[in-house]
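Hi,

Here is the structure I promised to pass on. Have a look at it first, and my notes on what turned up follow below.

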Amino acid sequence: MARSSSVCVAALTAAAVATVGFLAYRAQATVPRDLRGGPGATASAAPSPSRAPREEGDPRALPGGSGTGERVVYSLGGDRVWLVSAGGRVEATFPVTPGTVDPPPGTYAVTSRSKAVTGTDGVPVEHVVRFTSVDGVVIGFSAAVDGATPEPGTGTAVKTGGIRESRADGATMWTFATIGQKVVVVP
């Protein structure tokens, strides 16, 4: 069963990469000529100091300096999570939507889990995996039961530490990140 799961994951990953490549090509092809950067064109905006610039290449690539061994890696700048096996192989990666309070970069461990609760924003959530707190705000991964993710920069004055993921990704995180699992937060 583990072998067939690996083959299935590899096939789905290959299909996703091909789809993203095709969509990127199509998006580039629809940009008007006068808006395309010419040879030697450079971006004029500097990266935000709170967000680390991504290395060129695949944004889904595991960030350097994210530790070793089995771990969950959370990129603050990339709003992405990687689930990494003991051998260093990425088992899954997916985008997330951060709460209003970010954990500082560092290494943590999963401290508690809840199958289903109500988030600090009043939204019912499931597969809650907590790993730290900042100024009394608990930080962890969760999935909204209705599948919704908050729009960044909108919402409420309530400080939230929930890092939202899709329901499917939440189930994957729940299986992988048991109590004591290492969580590495990178810029």
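Five strands make up an open sheet in the order S3-S2-S1-S9-S4, and the pairing is mixed. (Strands, E of at least two residues, and helices, H or I of at least four, are DSSP runs numbered from the N terminus; two strands pair if DSSP finds at least two bridges between them.) Strand S3 (90–95) and strand S4 (106–109) sit at the edges with a single partner strand each, so one side of each has no neighbour in the sheet. On average, neighbouring strands here are turned by 20 degrees against each other, direction ignored. For angles, axes are lines fitted to C-alpha atoms (for helices, over the stretch in contact), and the values run from 0 to 180 degrees between N-to-C directions.

S4 runs antiparallel to strand S9 (residues 182–186), and four bridges join the two. Thr107 is the residue opposite Val184 in S9. Helix H2 (residues 167–176) packs on this sheet, where it touches strand S1 (71–75), strand S2 (80–84) and S3. The direction of H2 makes about 40 degrees with that of S2. Contact here means heavy atoms within 4.5 Å.

Before you read on, bear in mind that this is a predicted model: local features need pLDDT of at least 70, side-chain atom pairs count only at pLDDT 80 or more, and totals for chains, interfaces and linings use all residues. Residues are numbered from 1 along each chain as its sequence is written, and side-chain values use heavy atoms, with hydrogens and water left out. pLDDT is the predictor's confidence in each residue, from 0 to 100. The protein has a mean pLDDT of 76, with 66% of its residues at 70 or more. Over residues 14–55 the pLDDT is below 50, and this stretch has 15 contacts in the model beyond near neighbours in sequence.

Now the other sheet. It is open too, with four strands in the order S5-S6-S7-S8 and mixed pairing. Strand S5 (112–118) and strand S8 (162–164) are the edge strands, each pairing on one side only. Neighbouring strands of this sheet are turned by 35 degrees against each other on average, direction ignored. Strand S7 (residues 137–144) pairs with S8 in the parallel sense over three bridges, and Phe141 has Ile163 in S8 as its bridge partner. H2 packs on this sheet as well, touching S5, strand S6 (124–134) and S7, and its direction makes about 55 degrees with that of S6.

What does H2 bury? Asp169, Gly170, Met173, Trp174 and Phe176 are its buried residues. (Buried means under 20% relative accessible area, exposed over 50%, partly exposed in between, with a 1.4 Å probe and protein chains only.) The buried residues of H2 pack against S1, S2, S3, S5, S6 and S7.

On to the cores. A nonpolar core is a set of buried Ala, Val, Leu, Ile, Met, Phe, Trp, Tyr and Cys residues joined through side-chain atoms within 4.5 Å. The largest one has 24 residues, and Val72, Val81, Phe141 and Met173 have the most contacts inside it. S1, S2, S3, S6, S7, H2 and S9 each give two or more residues to this core. Leaving aside residues up to four places away in sequence, Met173 touches Val72, Val81, Leu83, Phe94, Val129, Phe141 and Glu165. Apart from this core lies another, of five residues, including Val73, Trp82, Val84 and Val184.

Last, the charges. Counting a salt bridge as a side-chain nitrogen of Lys or Arg within 4 Å of a carboxyl oxygen of Asp or Glu, there are three:

- Arg89 and Glu91 meet at 3.2 Å, N to O. Arg89 is partly exposed at 44% relative accessibility, and Glu91 is partly exposed at 34%.
- Asp121 and Arg164 meet at 3.0 Å, N to O. The pair links distant parts of the chain, 43 residues apart, with Asp121 in the loop between S5 and S6 and Arg164 in strand S8. Asp121 is partly exposed at 30%, whereas Arg164 is buried at 6%.
- Glu126 and Arg167 have their closest N and O atoms 2.6 Å apart. Glu126 lies in strand S6 and Arg167 in helix H2, so this pair ties together parts 41 residues apart in sequence. Glu126 is buried at 13%, while Arg167 is partly exposed at 38%.

Cheers
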